[in-house]
Amino acid sequence: MTEPFDPRQSLAGVRRRALARLVDLSGDYAGMVEASRDSNADDEHDPEGATIAFERAQLAAVLRQATADLDELDAAVRRVDEGTYGACERCRRPIAPARLEARPAARRCIGCATLG
């Protein structure tokens, strides 16, 4: 027997994991910046592959996405508080429970999400 879906509990768990990921990524980024701060390596002409700048840009993009994910989870918590959680922001119909279980921060039902 499965327990009923509790949006607040689900969002809290997902948010904890997202925050831990953000903290880890922030540490990784800070470490990368610190490691390359005093380096005078010519990474623009490195024959081994990706440059330090490219790797830093990739990590920065992942860090921005992790921040956006956390922002989406915070918005979902606000929707729970406002009583609008689980309603599609576009058509106002209920979002399927399975979608909310899979994507607790979902703002749109599957039909509206596929429309873009």
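User: What pattern does the protein follow, read along the sequence?
Analyst: This is a predicted model. Read along the sequence, the pattern is α-α-α-α. The secondary structure consists of four helices and zero strands.

User: How much of the protein counts as buried?
Analyst: Of its 116 residues, 25% count as buried.

User: And what share of the contacts with a separation of 6 or more comes from residues 24 or more positions apart?
Analyst: Such residues account for 56% of those contacts.

User: Let us turn to the core. How many residues does the largest nonpolar core have, and which have the most contacts inside it?
Analyst: The largest nonpolar core has 19 residues, and Leu11 and Tyr85 have the most contacts inside it. Two elements, α1 (7–37) and α2 (52–82), each give two or more residues to this core. The element that gives the most is α2, with seven residues. As general background, nonpolar side chains tend to be buried together in soluble globular proteins.

User: What does Leu11 touch, leaving out residues up to four places away in sequence?
Analyst: Leu11 touches Leu73, Ala76, Val77, Val80, Tyr85, Pro104 and Ala105, with that exclusion applied. Tyr85, one of these partners, is also the residue named with Leu11 for the most contacts inside the core.

User: What is the lining like by class?
Analyst: By class, the lining has seven nonpolar residues, six charged residues and no polar ones.

User: Changing topic: how many salt bridges are found in the whole structure?
Analyst: A search of the whole structure finds five salt bridges. One of them joins Asp74 and Arg15, whose closest N and O atoms are 2.5 Å apart. Asp74 lies in helix α2 and Arg15 in helix α1, so this pair ties together parts that are 59 residues apart in sequence.

User: How accessible are Asp74 and Arg15?
Analyst: Asp74 is partly exposed, with a relative accessible area of 23%. Arg15 is partly exposed as well, with a relative accessible area of 28%.

User: Where is Arg79, and is it buried or exposed?
Analyst: Arg79 is in helix α2. Its relative accessibility is 7%, so Arg79 counts as buried, the cut-off being under 20%.

User: What surrounds this arginine, and what does Arg79 touch beyond four places in sequence?
Analyst: Arg79 touches Thr84, Tyr85, Glu89, Ala105, Ala106 and Arg107, not counting residues up to four places away in sequence. With Glu89, Arg79 forms a salt bridge in which the closest N and O atoms are 3.9 Å apart. This pair links Arg79 in helix α2 to Glu89 in the loop between α2 and α3, ten residues apart. Glu89 is partly exposed, with a relative accessible area of 33%.

User: With which residue does Glu89 meet in a salt bridge at 2.9 Å, N to O?
Analyst: That partner is Arg107. Glu89 lies in the loop between α2 and α3, and Arg107 in the loop between α3 and α4 (110–115), so the two tie together parts that are 18 residues apart in sequence. Arg107 is partly exposed, with a relative accessible area of 27%.

User: Which residues are linked in a network of salt bridges?
Analyst: The network links Glu72, Arg79, Glu89 and Arg107. Of these, Glu72 is also among the pocket-lining residues closest to the centre of the largest pocket.

User: One last item, on the backbone. What is phi of Arg92, and where is this residue found?
Analyst: Phi of Arg92 is near 70°, a positive value in a residue other than glycine. Arg92 is found in the loop between α2 and α3.

User: Is Arg92 buried or exposed?
Analyst: Arg92 counts as exposed because its relative accessibility is 60%, the cut-off for exposed being over 50%.

Terms used
Residues are numbered from 1 along each chain as its sequence is written. This is a predicted model: local features need pLDDT of at least 70, side-chain atom pairs count only at pLDDT 80 or more; totals for chains, interfaces and linings use all residues. Side-chain values use heavy atoms; hydrogens and water are left out. A nonpolar core is a set of buried Ala, Val, Leu, Ile, Met, Phe, Trp, Tyr and Cys residues joined through side-chain atoms within 4.5 Å. Buried means under 20% relative accessible area, exposed over 50%, partly exposed in between (1.4 Å probe, protein chains only). Contact means heavy atoms within 4.5 Å. On a 1 Å grid over the protein atoms alone, a cavity is a set of points where a 1.4 Å probe fits but cannot get out, and a pocket is an open set with protein on both sides within 12 Å along at least five of seven lines; lining residues have an atom within 4 Å of a point. Ala, Val, Leu, Ile, Met, Phe, Trp, Tyr, Cys and Pro count as nonpolar, Asp, Glu, Lys and Arg as charged, and the others, Gly among them, as polar. A salt bridge is a side-chain nitrogen of Lys or Arg within 4 Å of a carboxyl oxygen of Asp or Glu.
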